[in-house]
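Dear colleague,

I am handing over the structure below, and my notes on it follow. Please read them with the model open beside you.

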Amino acid sequence: MKNKNWLLLFLMLLIVTGVGWKVYQRLQETGGGTKQKSASRPIPVEVADIRVGDIELRRTFSGTLQAFTEFVVAPKLSGRIEQIDADLADIVTRGQVVARLDNDEYVQAVRQAEADLAVARANLAEAQSLLKIADRELERVDQLRRKGVSSESQRDTAMADQLAKAAHVEVTRAQVVRAQAELETARIRLGYTQVNADWGSGSEQRVVAERYVDEGETVSANAQLLRIVELDPMKAVFFVTERDYARLQPGQNAVLTTDAYPGEIFEAGIVRISPVFRENTRQARVELKVENRDLRLKPGLFVRIDVVLERAGSVTLVPEQALAKRDGQDGLFVVDPDGRQVHWRPVDIGIRHAQRVAVSGEGLTGRVVILGQQLLADGSSVTLSGEGETRQP
């Protein structure tokens, strides 16, 4: 019984060994063998020309258009709105009056201040007249004293009166200044009943983007009346991840496209890049300036922003599908001039764009394998599919 078991085990070992040998032979026949086997049976491949040219690394970001600048018109006083002189989409000129508040109370305040100023000026005139009389009295007493007619006490009394009148003149003069200030304040507050759309820089004309109130409403001070925006230029905003952040810088050019105007391209330039990343998204804000002289672009439009992140000129270009890996090293299989054999060329990979890639290394001329390289090794024999035709990288 023991001998039968050993015999059965021996027969099974022979069968497994035979099957393994057949598999090994089959692998050798399909290209998994040595260079000598590969050379005996050429492997069909497709090739493309290795070229020298320029390449750009481009990224397309999704963003939103915003007004380059905007501000909200609000009154400095509370009151009832008598008139609004601007509405949605109206063009507003710098300094234009866009709303008027009920001003009866403030007109009356100006009149009261004018009356107070008149009283103060009259008091000043009276005080100045009394001072002149006191001056003359003091002078008369001095003359009498020099003649020995007036006493020292009389002179002291005249002197005290003259000093009091001079002080009264200063007080009334200060009252005039205060009344003038109160009048100016009343006039300023009266002017606040006319609400102006005023801004410091930029274009002379802007557009009303929103209107928040109607005539007849009573509003408080600093209540929003209108939102006014500048539409030329516009601002495009997008957010960039850490991968591309270091390749962006102010002054870099970009082009925009939007579904609102299919097929049209709008020029733009980066003006600001946030120095910080948002913690919740790990993205940084980027702002671009977009010329909009015909005012067709509007805030809120979705845009696609195409930015060139990197350029390289006069570099070696191959199709991206030509890249292969051997022992963890990137490389290419370059075809001999006679088209019968390939050689493995390690490369360093640069910019990738539009299914092309910039590479650098030794011996990168002629043609490169783009299909079939998974069966190749250094020195493999090949046959070119569609002999005489090569693809462009």
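G79 stands opposite V219, which belongs to β8. Strand β3 (residues 79–84) and β8 run antiparallel and are joined by two bridges, where strands are DSSP runs of E with at least two residues, numbered from the N terminus, and two strands pair if DSSP finds at least two bridges between them. This is a predicted model, in which local features need pLDDT of at least 70 and side-chain atom pairs count only at pLDDT 80 or more, while totals for chains, interfaces and linings use all residues. Residues are numbered from 1 along each chain as its sequence is written, and side-chain values use heavy atoms, with hydrogens and water left out.

The open sheet has four strands, paired antiparallel in the order β6-β5-β3-β8. Its edge strands, β6 (194–197) and β8 (218–219), each pair on one side only.

K289 lies in strand β12 (residues 284–290) and counts as partly exposed because its relative accessibility is 35%, between the 20% limit for buried and the 50% limit for exposed. Beyond its neighbours within four places in sequence, K289 has contacts (heavy atoms within 4.5 Å) that include F68, M234 and E267.

How values were computed
Buried means under 20% relative accessible area, exposed over 50%, partly exposed in between (1.4 Å probe, protein chains only).
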